Amino acid sequence: MEFDYDLFVIGGGSGGVRAARLASSEAGQKVGLAEEYRMGGTCVIRGCVPKKLMVYASHFPEEMKLAQAYGWTVHAGGFDWGKFRHHLHAELDRLEQIYTRNLEKAGVEIHAQRAVVKDPHTVALADGTEFKCRHILVATGGAPSFPPLEGAEEFGISSNDIFLMEELPESILIIGGGFIACEMACILNGLGVKTTLFLRGAQILRGFDDEARGHLADHMASLGIEIHTGTSITEMQKLENKISVRTTTGHEGLYEKILFATGRDPNTKGLGLEEAGVKLGRLGEVVVNEYSQTDVPSIYAIGDVTGRVELTPVAIREGVAFVNTVFHGKPQPVDHDLVPSAVYTQPELGTVGMTENEAERAMEAGGEPFEVYSTSFRPMKTAFAHTDDRVMMKLIVGKETRKVLGCHIVAPEAGEMIQLAGIAIKMGATKEDFDRTCAVHPTMAEELVTMKSPVR
């Protein structure tokens, strides 16, 4: 069979773009890539990047208060969403152009339209063009999902829509308790929007360390975010410029906007994957082996569409491993162990490795006993301003191996700290290695190397 492309990538997000560039520029393959929306994918266009810029914007009111406590005569004034939004989208345009230029420089042929899989070696574009491809890489990411609630999609918005709002609402109800819900709650609250959070569970951020979750929830509440646990919507009605909501707990309220942050689904609908023989999981995720290969040998998948570890840097690493495996003849399984991550709330939550609950379950299953080192304190910066802010740091340590199995930080800039802690933990550092490291004083991070006695 003659092929039009050695590799065809469906999806122009971070993982797909990295794989396409490397396959073309370093492995010398003929590569095509199709993206139906905007180059850069969720992270660059409607996720990590615009979100982090909004995080920065939302911090200034609290920083202004701190500045006053430090003797500065400053006042926050009003927030100009229109001005910020203009600069935000100009930055996203700039980044999208960089992604496109880098693909073009690498020799990748770009098709700005939807592509679907016709068979194990055929890709069809929306305009009817078909290509024969030696290998197909699916990197279509995920998409926000709405719950099966009448009026949810009609009256609600998703996280994709936040960055497109013409103006900020006066009030918003956020449905969900995951990292997107919590991040958006802190962002919008910081920008002056009256923010309410509804979640079905008993605590925010299911799957994260319980002590860290509780610490963060308390701080979010102290910032003025109204959190309702064990709560689900039973009825929604549009009333002029607001939406009326009733819940299972009897709560009734009016909100200008309702954001559904109730999860994301793998973006596989209508791609023709099952028809081509590719196995999908219960949630529509592409089932792959450790080399990102599907049941169909010529079709691979990376990133959020596989439902593995849904983080941009992981998708990029999966793309690199794919190119090494398929085009360089160096089989490279993807390493999903001990991946550091951060939740950009106020304050941030940084985490890597086991939670205390996971360590307990592992021990009950015959694993290693463990110790917990934990501390909570008022950081110097805000203590000077006489605020009640507290940060939390926690290490999970194997009692026999002495290895640090997990680290959890709730503090300003926790994301920066967990990146560095993640290096040590990935290398197998022990608690004694941490203890032997001299503290950098005065910093918050020095607490990671000064916790001498386990609390349990």
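Predicted model: local features only at pLDDT ≥ 70, side-chain atom pairs only at ≥ 80, totals over all residues.
1. Lys399 and its surroundings. On this numbering, Lys399 belongs to the loop between β20 and β21 (404–411). Once neighbours within four places in sequence are set aside, the residues in contact with Lys399 are Glu368, Pro369, Phe370 and Glu371. Gly303, by contrast, is 96 residues away from Lys399 in sequence and 35 Å away in space, taken from C-alpha to C-alpha.

2. Helix α3. This helix covers residues 48–69, and its 22 residues should span 32 Å at 1.5 Å a residue, which agrees with the 32 Å between its end C-alpha atoms. The buried residues of α3 are Pro50, Lys51, Lys52, Met54, Val55, Ala57, Ser58, Leu66 and Ala67. Their cover includes the helices α2 (41–46), α4 (81–106), α6 (159–162), α7 (179–190) and α11, together with the strand β18 (348–353). After α3 comes Gly71, with a positive phi near 100°.

3. A nonpolar surface patch. Tyr70, Trp72 and Phe384 together form a nonpolar patch on the surface, with about 390 Å² of accessible area between them. Phe384 is placed in the loop between α11 (380–383) and β20 (391–398), and its relative accessibility of 47% puts it in the partly exposed class.

4. Helix α7. The 12 residues of α7 reach 16 Å from the first C-alpha to the last, which is close to the 16 Å expected at 1.5 Å a residue. Because 10 of these 12 residues are buried, α7 is largely enclosed by the rest of the structure. The buried set consists of Ala181, Cys182, Glu183, Met184, Ala185, Cys186, Ile187, Leu188, Asn189 and Gly190, and just after the helix Gly192 adopts a positive phi of about 100°.

5. Salt bridges around Arg38. The count of salt bridges in the model comes to 24. One of them joins Arg38 to Asp93, with 2.6 Å between the closest N and O atoms. This pair links distant parts of the chain, since Arg38 sits in the loop between β2 (31–34) and α2 while Asp93 is in helix α4, 55 residues apart. Glu96 also forms a salt bridge with Arg38, here with the closest N and O atoms 2.9 Å apart. Glu96 lies in helix α4 and Arg38 in the loop between β2 and α2, so this pair ties together parts that are 58 residues apart in sequence. As for accessibility, Arg38 is buried at a relative accessible area of 16% and Glu96 is buried too, whereas Asp93 is partly exposed at 35%.

6. Arg94 and Glu91 meet through their side chains in a salt bridge of 2.7 Å, N to O. The two are 3 residues apart in helix α4 and therefore separated by about one helical turn. Arg94 counts as partly exposed at 40% relative accessibility, and Glu91 counts as partly exposed at 25%. Salt bridges that share partners also join Asp209, Glu211, Glu356, Lys394 and Arg456 into one network.

7. Backbone values to check. Most peptide bonds are trans, and most residues other than glycine have a negative phi. Two cis bonds can be listed against that background: the bond from Gln346 to Pro347, with omega near -5°, and the bond from His441 to Pro442, again with omega near -5°. Pro347 is in the loop between β17 (341–343) and β18, while Pro442 falls in the segment after α13 (431–436). Glu240, in the loop between β11 (233–239) and β12 (242–247), has a positive phi near 50° and is exposed at 75% relative accessibility. His386, which is not a glycine either, has a positive phi of about 60°; His386 is in the loop between α11 and β20 and is exposed, with a relative accessible area of 70%.

Methods. Residues numbered from 1 in each chain as written. Heavy atoms only, no water. Patch = residues over 30% accessible without salt bridge, like charges linked within 9 Å, V, L, I, M, F, W, Y side chains within 5 Å. Areas by Shrake-Rupley, 256 points an atom, 1.4 Å probe, with all protein chains shown as cover. Salt bridge = Lys/Arg side-chain N within 4 Å of Asp/Glu carboxyl O. Helix = DSSP H or I, 4+ residues; strand = E, 2+ residues; numbered from the N terminus. Buried < 20%, exposed > 50% of the residue type's maximum accessible area, 1.4 Å probe, protein only. Expected span 1.5 Å × (residues − 1). Contact = heavy atoms within 4.5 Å.
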